[in-house]
Amino acid sequence: MSIRALIFDLDGTILDTEILWQKAAAHILTVRGITPTADFMQSVLGATVKQSCEISKEAYNLPDTLETLMNEMFNQFLELYKQQPKFIEGFQDFLKDVLAHNLPVAIATNTSNDILTQIQTTPSLQSLFGSHIYAPESVANRGKPLPDIYLHAAAQLGVSPEECLVIEDSVPGVTAAKRAGMMCIRIDTHRTPGILAGEDFVVASYKQIPLERLLSLDQAD
């Protein structure tokens, strides 16, 4: 089946903000005198705020309520996020190529609507994706690695999951895309080469995505 739509993750895929989320997750530990491990930092990559805080509570037996930790992490992210985030190198040119083929596009992200309303980019995400920007709240907070948000985005674009190409950067995101039955390319913005979660292939940058070739191929059911 041919590719008829593209769905993008946001942090680490469109915007260079994933490191800010990791720093915010680490902050709730360091203020409690805990040094986060490399394994912990990897475990929160691509996770929602709730998932990150749940991981923190379980990994370090924190007595704080989940709500307290989530508020701290949310506020720390906003503190770190004081300037406009940069687009991942090559994203804007790649998106132009996609739109030149008249393919519908969407964002499916683990970032909450509260954060999305405060993210300002030039050009704006809304001018690039219109109303097709979907957060966990769109699917009863069933965020990645569950497939719900990708299935929802496909339905809103009016295409079947098998007709979608997903661009991701994290294990939870790739897992969600593959569970949704979609083709998935992982862009290796975190310098972790190799297949991590069943992605179809990995690229180091947007320039390495062979869009013309992918659009000329029929995808297996």
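Pro145 sits in the loop between E3 and helix H8 (148-157). Keep in mind as you look around that this is a predicted model. The peptide bond joining Lys144 and Pro145 is cis, with omega at about 20 degrees. The loop between E3 and H8 also holds Ala140. Although Ala140 is not a glycine, its phi is positive, at about 55 degrees.

Where else can you find a cis peptide bond, and which residues does it join? Look at Thr122 and Pro123, which are joined by a cis peptide bond with omega of about -5 degrees. Pro123 belongs to the loop between helix H6 (113-116) and helix H7 (125-129).

## The chain as a whole

Now step back and take in the whole chain. Ten helices and six strands make it up. Its radius of gyration is 17 Å, close to the 17 Å that the globule rule gives for 221 residues, so the chain is as compact as a globular protein of that length. If you follow the C-alpha trace along its principal axes, the chain spans about 55 × 35 × 30 Å.

## A parallel sheet

Strands of a sheet pair through backbone hydrogen bonds, and the pairing can be parallel or antiparallel. In what order do the strands of this sheet lie? The six strands form an open sheet in the order E3-E2-E1-E4-E5-E6, with parallel pairing. Strand E3 (133-134) and strand E6 (201-203) are found at the edges; each has a single partner strand, so one side of each is left without a neighbour in the sheet.

Strand E1 (residues 5-8) and strand E2 (residues 105-108) run parallel and are joined by three bridges. Ile7 stands opposite Ala106 in E2. Helix H5 (residues 91-100) packs on the sheet, where it touches both E1 and E2. The direction of H5 makes about 155 degrees with that of E1.

Rolling a probe the size of a water molecule over the atoms shows where empty space is left. The largest pocket has a volume of about 430 Å³. Of the 18 residues that line this pocket, Val49, Lys50, Met70, Ser112 and Asn141 are the closest to its centre.

Which helices each supply at least two residues of this lining? They are helix H3 (49-60) and helix H4 (66-80). H4 gives the largest share of the pocket lining, with four residues. Sorted by class, the lining of the largest pocket has five nonpolar, eight polar and five charged residues.

## A closed cavity

How many cavities of 30 Å³ or more does a search of the whole structure find? The search finds one. The volume of the largest cavity is about 150 Å³.

The largest cavity has 18 lining residues, and those nearest its centre are Asp11, Gly46, Ala47, Asn110 and Thr111. This cavity lining divides into five nonpolar, eight polar and five charged residues.

How values were computed:
Residues are numbered from 1 along each chain as its sequence is written. This is a predicted model: local features need pLDDT of at least 70, side-chain atom pairs count only at pLDDT 80 or more; totals for chains, interfaces and linings use all residues. Side-chain values use heavy atoms; hydrogens and water are left out. Two strands pair if DSSP finds at least two bridges between them. Contact means heavy atoms within 4.5 Å. Axes are lines fitted to C-alpha atoms, for helices over the stretch in contact, and angles run from 0 to 180 degrees between N-to-C directions. On a 1 Å grid over the protein atoms alone, a cavity is a set of points where a 1.4 Å probe fits but cannot get out, and a pocket is an open set with protein on both sides within 12 Å along at least five of seven lines; lining residues have an atom within 4 Å of a point. Grid points are joined across faces, edges and corners, and a volume is the space filled by probe spheres set on the points. Ala, Val, Leu, Ile, Met, Phe, Trp, Tyr, Cys and Pro count as nonpolar, Asp, Glu, Lys and Arg as charged, and the others, Gly among them, as polar. The radius of gyration is taken over C-alpha atoms; the globule rule is 2.2 Å times the number of residues to the power 0.38.
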